[in-house]
Amino acid sequence: MEELTLKSTIQVVQLSELTDMERAVVEKAKESTYNSYAPYSHFHVGAAILLKNGTIIPGCNQENAAFPSGLCAERSALFAAGAQYPDQPVLILAIAVRNSKGEFLEEPASPCGSCRQVIVETETRYNQPIRILLYGTKYTYAIDGIKQLMPLSFTEL
Ligand code: THU
């Protein structure tokens with residue numbers, strides 16, 4: 001038997017260690033948590049995406065009484081970007097979360113499996129790895145490309 005060990009690299013950083021542009025995208029993700037519609041989970045997720053043309057697209061989770069009809073923050077931003085700027089590669093995706101007390105999480109939350117799959121598709125579509133920034137008040141995770149979070153992912157293109 002042969003065993004394959006997969007390795008992921010995640011940078012653990014303070015906001016001061018990010019570039020001005022990266023910090024601006026994180027700030028937009030934090031701001032977007034205030035537009036989250038989360039009356040069921042009270043988990044307010046904000047996302048923001050930087051496109052190659054410099055546009056920042058916000059997103060946030062949108063829940064529904066029929067649970068599967070809602071959508072995560074990451075996909076709401078990625079699909080909004082695809083709908084408005086279909087020819088623009090995505091360079092950065094930032095995520096921030098506030099809990100039911102309205103406080104930002106101390107430790108970063110990471111994207112669900114469905115969002116990871118959509119991030120894989122976006123990287124494949126534009127042939128452009130996405131810098132993923134997961135904000136927490138104690139530290140932020142900075143990740144170069146979804147492969148670090150989703151090895152052996154499924155793509156058809
Ligand atoms: N949620 C996101 O917005 N992004 C994720 O990656 C994980 C979960 C949302 C979905 C739901 O509105 C709430 O967080 C609780 O799961």
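Six strands form an open sheet with mixed pairing, in the order 1-6-5-4-2-3. Its edge strands, each pairing on one side only, are strand 1 (11–13) and strand 3 (56–60). Strands here are DSSP runs of E with at least two residues, and helices are runs of H or I with at least four, numbered from the N terminus; two strands pair if DSSP finds at least two bridges between them. The model is predicted, so local features need pLDDT of at least 70 and side-chain atom pairs count only at pLDDT 80 or more, while totals for chains, interfaces and linings use all residues. Residues are numbered from 1 along each chain as its sequence is written, and side-chain values use heavy atoms, without hydrogens and water.

Strand 4 (residues 90–98) has eight buried residues out of nine, so it is largely enclosed by the rest of the structure. Buried means under 20% relative accessible area with a 1.4 Å probe, protein chains only. Strand 2 (residues 44–51) runs antiparallel to strand 4 and is joined to it by eight bridges; I49 has L93 of strand 4 as its bridge partner. Strand 5 (residues 131–134) pairs with strand 4 in the parallel sense over four bridges, and there L93 has I132 as its partner. From strand 4 the chain crosses through helix 3 (residues 113–126) to strand 5 in a right-handed β-α-β crossover: with the strands pointing away from the viewer, the path from the first strand over the helix to the second runs clockwise.

Strand 2 also pairs with strand 3, antiparallel, over five bridges, and A48 stands opposite P58 in strand 3.

Note on methods
Buried < 20%, exposed > 50% of the residue type's maximum accessible area, 1.4 Å probe, protein only.
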